[in-house]
Amino acid sequence: MAYIHAKTAAGRQEIEDRARRLPPGLRSILLMVDGQRDDDELTGMLPGLRAPDDALEQLAQMGLIEITGGSLAPAAPRALTAGREQDPQLYKQLYDWMSESVRKHLGLKGYFMQLKIERCTDASGLEKLWPEMAAAVSKAKSPALANRWLEETRALLLNTPQPA
């Protein structure tokens, strides 16, 4: 199930006063809960924020977040890089595109995103960063620009010739 989580009044109060002295990983996830992101997106952020695997459950048990929407998760779309993960031309093209996008849209705010891009060793790793990159562009610029960036990125990938 893909549920949408939002902060409760207690969660918003915790952000303001830090009364519970949450561990940094849990606090980071609490900050990311915004009523827009679903389980999958939040869970995907856990390793990068050094949060425990059960962070959402812990926050829910503390009464800091609650489920506000969601439904059965649609079937996961097939990765656009499937079968081409080790293609060096595709990797270079995506790497260059994403690095340029960080520079153009995020500037210095994109330092940590650039580090994540640097850590990727194949095209599928870069593709897995797309939601996080789009979220950063949305926050820094606008949701419309983030959607356009995702569309352009997908188009770039679809127009890259496959090796024979």
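Analyst: A residue counts as buried when its relative accessible area is under 20%. By that cut-off, buried residues make up 37% of the 164 residues in the protein. The model is a predicted one.

Start with the whole. The protein holds nine helices and two strands. Read from the N terminus, its elements follow the order β-α-α-α-α-β-α-α-α-α-α. The C-alpha trace spans about 55 × 35 × 30 Å along the principal axes. The accessible surface of the protein is about 10100 Å², and carbon and sulfur atoms account for 54% of that surface. Now consider contacts between residues at least 6 apart in sequence: 67% of them join residues at least 24 apart.

Now the pair. Helix 5 covers residues 88–106, and helix 6 covers residues 111–119. Their axes lie 10 Å apart and meet at an angle of about 175°. Angles over 145 degrees count as roughly antiparallel, so helix 5 is roughly antiparallel to helix 6.

Which residues make the contact? Helix 5 contributes Tyr95, Met98, Ser99, Val102 and Leu106. Helix 6 contributes Met113, Gln114, Ile117 and Glu118. By type, the residues of this contact divide into six nonpolar, two polar and one charged. Ser99 of helix 5 and Gln114 of helix 6 belong to the contact, and both residue types count as polar. Glu118 of helix 6 also takes part, and Glu counts as charged.

Conventions:
Residues numbered from 1 in each chain as written. Predicted model: local features only at pLDDT ≥ 70, side-chain atom pairs only at ≥ 80, totals over all residues. Heavy atoms only, no water. Axes fitted to C-alpha atoms, helices over the stretch in contact; angles between N-to-C directions. Helix = DSSP H or I, 4+ residues; strand = E, 2+ residues; numbered from the N terminus. Parallel < 35°, antiparallel > 145°, perpendicular 65-115°, else oblique. Contact = heavy atoms within 4.5 Å. Buried < 20%, exposed > 50% of the residue type's maximum accessible area, 1.4 Å probe, protein only. Areas by Shrake-Rupley, 256 points an atom, 1.4 Å probe, with all protein chains shown as cover.
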